[in-house]
Structure formats: structure tokens, C-alpha cells
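I open this entry to record how the two chains are arranged and what lies between them.

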2 protein chains.
Amino acid sequence: MTSNPIEQFEASAQLFKALAHPARLAILDILRDGEQCVCHMEAVLGFRQAYLSQQLAVLREAGILQDRREGWNIYYRIVREDVLNILHTVHSSLPEQIPSAKAHSCDCPKCKRKDAPAAEPQTFFMANQAG
Amino acid sequence: MTSNPIEQFEASAQLFKALAHPARLAILDILRDGEQCVCHMEAVLGFRQAYLSQQLAVLREAGILQDRREGWNIYYRIVREDVLNILHTVHSSLPEQIPSAKAHSCDCPKCKRKDAPAAEPQTFFMANQAG
DNA sequence: TCATCACATTCAACTCCTTGAATGTAATTG
DNA sequence: CAATTACATTCAAGGAGTTGAATGTGATGA
């Protein structure tokens, strides 16, 4: 098993395949600061809801994201530390980085009018740490 | 320019797209130790020559590899430090790593019978450093 | 210049990814 | 339980990646 060079790198290739899309990288860029609800990403990125949900599904099925329901909203977060490191490496090599307004708690009208809980900045995921 | 979230991550997505293939990851794994001729990769990986050349072209056109001719042989090397860092990150998170025989100078029969120059272990590329 | 070696490129069939449109579902409110 | 909210899933057409087969190209040696 995993004797040939193809099988040996299949898993890594699958990971990179999930990252090989600008929309999904934009999603992960938002989630680097911590978990966010879907409506927040929808407002910040300007994607249609169904489209955003499709891209989230790809990242979820790749094991990169995990979701958590809280009433009407569903919050996504990055659950793979190596992905955070990879994103950091790539962003460091970029010519310039746009700060963007995504760092704010939650500017989207949907979240604001419902006074949703803001995302707390985290180093990595604090859940899933032996409950 | 680069105002929308799609354009902003296009370049990174292109990079990941080039990495999203097990054969190309196997190639890069060999080149992590330094430059190697095509016949070496052909022997170690067991790929057909044309197939290997196609995958090398993808990595070359993505700006990840650079080639250098030396007589009959063409030597490839990694010219992007961020890619080396990304590969290191991914390999660190893998469950187990197969040492493999790729670290040896050049075991392939073609290279051996011609007594080709062995690959010298390098930290990063030493060429392209202001000539 | 012709034959050979090492490697690159083109082509075509196939598969996988992309993405808009439509529809489905769990939680909440009344 | 019916309506609403927030999000997920399915479907299909178009586009892009994959890969075997055939062919092309530059360097070397006679």
C-alpha cells in the first residue's frame, strides 16, 4: 500500500485541490481570524448564498473546515493547522496585501440587525481539544 | 484592480492548482534535495518520459521550476522558496513519511552509465543570485 | 550531415471542476 | 402546524485538467 509515488501524494494533492480556487482562498482568508457565520462571508465577499455554500462544502468535505450551528446561523472555522501555516506562507510571499474590512467583527447587515456574537480572534481552534 | 475577492487570490489559486496533482508533488519531493536530471526522475518515479515531461512543463510554466541544459541532460530545480516551505509544512503533517531511495545521488541506469554529476544538497537555489 | 540520445510538444478522448438555477432542509416564530 | 430565516443540495451545461499516443527538437558523435 502507498508503494507507488502516485498513491503516496494523493492525500496532499487532494488538499491542494481544495485550495486551488480563488473563492475558497478568500473564504479561508476571512476564517484565518476565527470562526464566522455564513451571512458574514456572504456580505463581505459579495457571493450569492448558494455559490458560497457550494465552496464551503468543498472545504468542509476536504476536512479543512468544520461547522457549528447556533440557532439560525452556522459558523465555520478552520480545523487544520497545516492549512493555516500554508496560507501564512503564501500570503507572506505576495507582493502586497490588502488589509480589507474583513477583520471587523461583522459588518454584514444581516448579522448586525440580529446583534450576532462577534468573532473572537483566536490562535487556532479552541474547540475539539478533548471535551 | 484586484478590488474583488476573486482577483485578489487568483495568483495563489494558480500556484495551488499546479501543486494539486500527486505526480507533480512526487517530482517536487525529489527536487527538494536539489536539482536533478529528467532521466533520474524517470527512473525513480517510473513514469513514462512524455508523461513526466508534461508534468514538468506545468510546474515550469507555473514558475515553480527552472531548467538548465548540460549536454544531453536537462536539470530541473525549485526556484520558489515559498513552495519549499509549503511542501515542508504538508510533509510535516503527514502521518508517516516514506524515506524512499530518491535521496541517493542518481541510481537510474541511464545516469550511472554516463557517470553524470550527482546532485549536491542545497539549502535553496544558489543560481539566480545576481550574476 | 546523418544517426542517436534526452527531452519537449501536440493532439484527442476522457474525466473532473465550475457555477448559475432551482429546490430542499433544519431551526425559529407565532 | 404554517410561515420565515439561514443555509444546503441537486442538476446540468460549459470549461478546464488529465493522460496515452504520436511526433518534434536540440545536442552530441561519427
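I first looked up the symmetry: chain A superposes on chain B by a rotation of 180° with 0.0 Å of shift along its axis, at an RMSD of 0.0 Å (least squares on the C-alpha atoms of residues with pLDDT of at least 70 in both copies). This is the relation of a two-fold axis.

I note the conventions. The model is predicted, so local features need pLDDT of at least 70 and side-chain atom pairs count only at pLDDT 80 or more, while totals for chains, interfaces and linings use all residues. Residues are numbered from 1 along each chain as its sequence is written, chains are lettered from A in the order in which they are written, and side-chain values use heavy atoms, with hydrogens and water left out.

I next turned to the interface. In chain A, 31 residues are in contact with 32 residues of chain B (heavy atoms within 4.5 Å). Of the interface residues of chain A, 100% are also interface residues in chain B, so the copies meet through the same surface.

I then looked up the buried area, which is about 2700 Å², with 77% given by carbon and sulfur atoms (accessible area, 1.4 Å probe, lost by two parts on being put together, summed over both).

Lastly, I searched for salt bridges between the chains; the rule finds zero (side-chain nitrogen of Lys or Arg within 4 Å of a carboxyl oxygen of Asp or Glu).
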